[in-house]
Amino acid sequence: SKNSGIDMFKDSVKQLLLTEKSERLMLPGFGTNLKRFLFQPLDERTFEAIKREISSSFYNYIIGATITKIKVIPLGDVGPSGGNSLKIVLDLELTGGDFEVFDVEVNLS
């Protein structure tokens, strides 16, 4: 059951990261606005803004896990829309006694 719980968290986090805010009619605050960063300069200021965006949405909508680290990695590829491509890796830890650590990866382009 522990693996199914981790898989559930991974799916929930991926859904959160890949959903644009206002995309869900009944829950307009759900999601992130990460795609707006694809056309920004790939510097520390942008990476910190991405991390803040992720943290804010994560703590509003994901219960039972905490973020231990967020990594933003430029892939060096041009995405289909002409912007940058990024890989986002979240290191997460389950709360509630298990303290199991796992990661979730999402590619944005």
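Predicted model: local features only at pLDDT ≥ 70, side-chain atom pairs only at ≥ 80, totals over all residues.
The partner of β3 is strand β2, residues 84-94, and the two strands pair in the antiparallel sense over eight bridges. Within this pairing, E93 stands opposite V101 of β3.

The C-alpha trace spans about 45 × 30 × 25 Å along its principal axes. Of the 109 residues, 37% count as buried. Among contacts with a separation of 6 or more, 45% are made by residues 24 or more positions apart.

Helix α2 comprises the 18 residues 44-61. At 1.5 Å a residue, α2 should span 26 Å, and the distance of 26 Å between its end C-alpha atoms agrees with this. The buried residues of α2 are T46, F47, A49, I50, E53, I54, S57 and F58. Seen down the axis of α2, these buried residues fall within an arc of 160°, so they line one face of the helix. On the other side of α2, the residues E44, R45, R52 and N60 are exposed.

The buried residues of α2 include I50, I54 and F58, and these three are also among the residues with the most contacts inside the largest nonpolar core. This core has 28 residues, and V13, L34, L90 and L92 complete the list of those with the most contacts inside it. Two or more residues of the core come from each of α1 (2-18), α2, β1 (65-78), β2 and β3. In soluble globular proteins, nonpolar side chains tend to be buried together.

The surroundings of F58 can be described residue by residue. Leaving aside residues up to four places away in sequence, F58 touches V13, L16, A65, T66, I67, L90 and L92. Of these neighbours, V13, L90 and L92 are, like F58 itself, listed among the core residues with the most contacts.

Notes:
Residues numbered from 1 in each chain as written. Heavy atoms only, no water. Pairing = 2+ DSSP bridges. Helix = DSSP H or I, 4+ residues; strand = E, 2+ residues; numbered from the N terminus. Expected span 1.5 Å × (residues − 1). Buried < 20%, exposed > 50% of the residue type's maximum accessible area, 1.4 Å probe, protein only. Arc of directions from axis to C-beta. Core = buried A, V, L, I, M, F, W, Y, C linked by side-chain atoms within 4.5 Å. Contact = heavy atoms within 4.5 Å.
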